[in-house]
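Me: I'd like to learn how to read a structure, one feature at a time. Can we go through this one together?

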Amino acid sequence: MIVVHHLNNSRSQRILWLLEELGVSYTVKRYERDAKTMLAPPALKAVHPLGKSPVVTDGDKTLVESGAIVEYLVETYGQGRLIPPAGSPERLKYTFWLHYAEGSAMPPLLLKLIFDRVESAPMPFFVKPIAKKIAQTVKRQFVNPQIETHFAFVEDELAKTGWLAGGDFTAADIQMSFPLEGVAARGGATKEKRPNIVAFLDRIHARPAYKAALAKGGPYDILRG
Ligand SMILES: N[C@@H](CCC(=O)N[C@@H](CS)C(=O)NCC(=O)O)C(=O)O
């Protein structure tokens with residue numbers, strides 16, 4: 001039996017969605033983030049030493065890292081669904097997006113989250129202006145331009161077919177949903193600026209499997225920013 005160790009408001013939401021798309025049965029074990037630090041509870045470290053979400057257990061296997069989990073589930077339970085044929089140009093794109101989501105798209109979003117927090121964190125009044133200035137400078141000079149470059153690229157790629165790995169919806173679209181929801185929630189992808197990303201999000205959010213996964217995973221506040 002597959003168990004998804006699911007942290008609220010996290011990347012494991014897309015694993016629930018993938019399993020719903022594949023129609024594979026699974027159970028969800030829920031974990032709640034610490035309200036102050038937003039970190040996962042120590043109980044998750046008992047499942048895997050990294051203590052991050054998602055973690056999937058399947059019999060005697062324990063799997064971590066979203067992209068690797070997506071690959072495993074599609075390979076083991078997909079029966080050729082949600083993945084372009086081996087050797088096709090679409091398959092190369094599929095592999096690219098599976099890696100790109102966590103390797104390139106997420107890091108600048110994470111940096112923005114961290115420096116936003118530095119900017120608004122409570123601290124002694126005499127340090128605050130300095131911390132604020134540093135955070136704003138890093139964001140202006142490095143983080144925001146990176147976000148622009150990456151999501152302009154995704155926007156252009158989506159213009160081709162509406163999906164990322166060719167003409168069909170694949171697990172690469174599921175893997176990319178998290179950074180795209182993240183950038184939209186933080187104001188970096190509006191209808192005016194990134195219409196293809198917004199239309200992509202509207203399409204995935206309308207899928208019955210996406211909705212079923214939300215019902216299983218509980219509140220998913222990333223959608224509200
Ligand atoms: N690249 C990893 C990232 C895993 C990760 O950082 N997960 C976050 C949830 S979105 C987490 O567990 N955060 C809580 C913590 O670090 O304590 C993946 O895609 O699985």
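Me: Which backbone atom of Ala40 lies 2.8 Å from the ligand, and from what kind of ligand atom?

Reply: First, a caution: this is a predicted model, where local features need pLDDT of at least 70 and side-chain atom pairs count only at pLDDT 80 or more, while totals for chains, interfaces and linings use all residues. Residues are numbered from 1 along each chain as its sequence is written, and side-chain values use heavy atoms, with hydrogens and water left out. Now, a polar contact is a pair of N or O atoms within 3.5 Å (within protein, one must be able to donate a hydrogen and the other to accept it, and residues adjacent in sequence count only if both atoms are side-chain atoms). Here, a backbone N or O atom of Ala40 is 2.8 Å from an oxygen atom of the ligand.

Me: How many salt bridges does the structure hold?

Reply: Side chains of opposite charge can pair when their charged atoms come close. The cut-off for a salt bridge is a side-chain nitrogen of Lys or Arg within 4 Å of a carboxyl oxygen of Asp or Glu. The structure has 11 of them. One of these joins Glu119 and Lys139, with the closest N and O atoms 2.5 Å apart.

Me: Why does that pair tie parts together?

Reply: Because Glu119 belongs to helix H4 (residues 89-120) and Lys139 to helix H5 (residues 128-161), the pair links parts 20 residues apart in sequence. Helices (H or I, at least four residues) and strands (E, at least two) are DSSP runs, numbered from the N terminus.

Me: Is the peptide bond from Ser53 to Pro54 cis or trans?

Reply: Most residues other than glycine have a negative phi, and most peptide bonds are trans. This one is cis, with omega near 10°. Pro54 is in the loop between helix H2 (43-47) and strand S3 (55-58).
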